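Dear colleague,

I am handing over a structure that you have not worked with before, and my notes on what was found in it follow below. Please read them with the model open beside you.

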Amino acid sequence: MRRAVCPGSFDPVTNGHLDIIGRASRLFDEVIVGVLINQSKSGLFTVEERIEMLREVTSSYGNVRVESFRGLLVDFCRAQQASVLIKGLRAVSDFDYELQMAQMNIGLAGVETLFMPTNPLYSFLSSSLVKDVAKWGGDISAHVPDLVREALQARLGPRP
């Protein structure tokens, strides 16, 4: 079975994330969306809330499942019996960082990294940017699923 991990914090999941997950689901028998538990960062949404949102918005893919992990990504990959990571790249600046991580991951555990260029529609999109726009009452409906937009509005409250 060809199994891949698509890791991230997904705080919150965006249409850019979903584009990468959907494309990966067509290439692999199973895609595991790995939600990082980072104790040193406090997210807008809890890990459980992020997992719930991800499960809802990926439910149309029969071969995608969502799990959380802490620690080294390669250890999570081993535990999931996945030998490939899927990483979306928005710009050259993403590549510089991700290449170093890919080289470390192959050196540590033989886990390959597949870089997928982001659809140009989402090349500027990040969870942080979405949260900032939502915080000030901007329209994020083109950038996140409705479920996520509603959760952001509920969490951040109405803005002027």
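**What was found**

Thr58 counts as buried, at 2% relative accessibility, where buried means under 20% relative accessible area, exposed means over 50% and partly exposed lies in between, computed with a 1.4 Å probe on protein chains only. This is a predicted model, in which local features need pLDDT of at least 70 and side-chain atom pairs count only at pLDDT 80 or more, while totals for chains, interfaces and linings use all residues. Residues are numbered from 1 along each chain as its sequence is written, and side-chain values use heavy atoms, with hydrogens and water left out.

Thr58 is found in the loop between helix 2 and strand 3, helices (H or I, at least four residues) and strands (E, at least two) being DSSP runs numbered from the N terminus. Leaving aside residues up to four places away in sequence, Thr58 touches Leu18, Ile21, Val64 and Val66, a contact being heavy atoms within 4.5 Å.

Under the same exclusion of residues up to four places away in sequence, Ile21 touches Cys6, Phe10, Val33, Leu54, Thr58 and Val64. The largest nonpolar core has 32 residues, of which Ile21, Leu54, Ile86 and Leu152 touch the most other members; such a core is a set of buried Ala, Val, Leu, Ile, Met, Phe, Trp, Tyr and Cys residues joined through side-chain atoms within 4.5 Å. Among the elements that each supply at least two residues of this core are strand 1 (3-8), helix 1 (15-27), strand 2 (30-36), helix 5 (127-135) and helix 6 (146-156). Helix 2 gives the most to this core, with 5 residues. A second, separate core of 10 residues includes Ile32, Leu73, Val74 and Ala82.

Turning to the strands, strand 2 is largely enclosed by the rest of the structure, because 6 of its 7 residues are buried. Strand 1 and strand 2 pair in the parallel sense over 6 bridges, where two strands pair if DSSP finds at least two bridges between them. In strand 2, Val33 is the bridge partner of Cys6. The chain crosses from strand 1 through helix 1 to strand 2 in a right-handed β-α-β crossover, right-handed meaning that, with the strands pointing away from the viewer, the path from the first strand over the helix to the second runs clockwise.

Strand 2 also pairs with strand 3 in the parallel sense over 6 bridges. Leu36 stands opposite Phe69 in strand 3, and Val64 in strand 3 is the bridge partner of Val31. From strand 2 the chain crosses through helix 2 to strand 3, and this β-α-β crossover is right-handed.

Further along, strand 4 (residues 84-89) and strand 5 (residues 112-117) pair in the parallel sense over 6 bridges, with Thr113 in strand 5 as the bridge partner of Leu85. Strand 4, helix 4 (residues 92-109) and strand 5 make a right-handed β-α-β unit.

As for the cysteines, the count comes to 0 disulfides, a disulfide being a pair of cysteine sulfur atoms within 2.5 Å. The sulfur of Cys6 is 11 Å from the closest cysteine sulfur, in Cys77, which is too far for a bond. Cys6 counts as buried at 6% relative accessibility, and Cys77 is buried too, with a relative accessible area of 0%.

Met1 lies in the segment before strand 1 and counts as exposed, at 71% relative accessibility. Not counting residues up to four places away in sequence, Met1 touches Asp29 and Glu30. The C-alpha atoms of Met1 and Gly62, which are 61 residues apart along the chain, are separated by 15 Å.

Finally, an unreviewed UniProt entry lists residues 5-131 for "domain: Cytidyltransferase-like"; UniProt positions are given in the numbering used here, feature names are shortened, and annotations may be inferred rather than shown by experiment. Over residues 5-131 the chain is 43% helix and 23% strand, and the end C-alpha atoms are 25 Å apart.

With best regards
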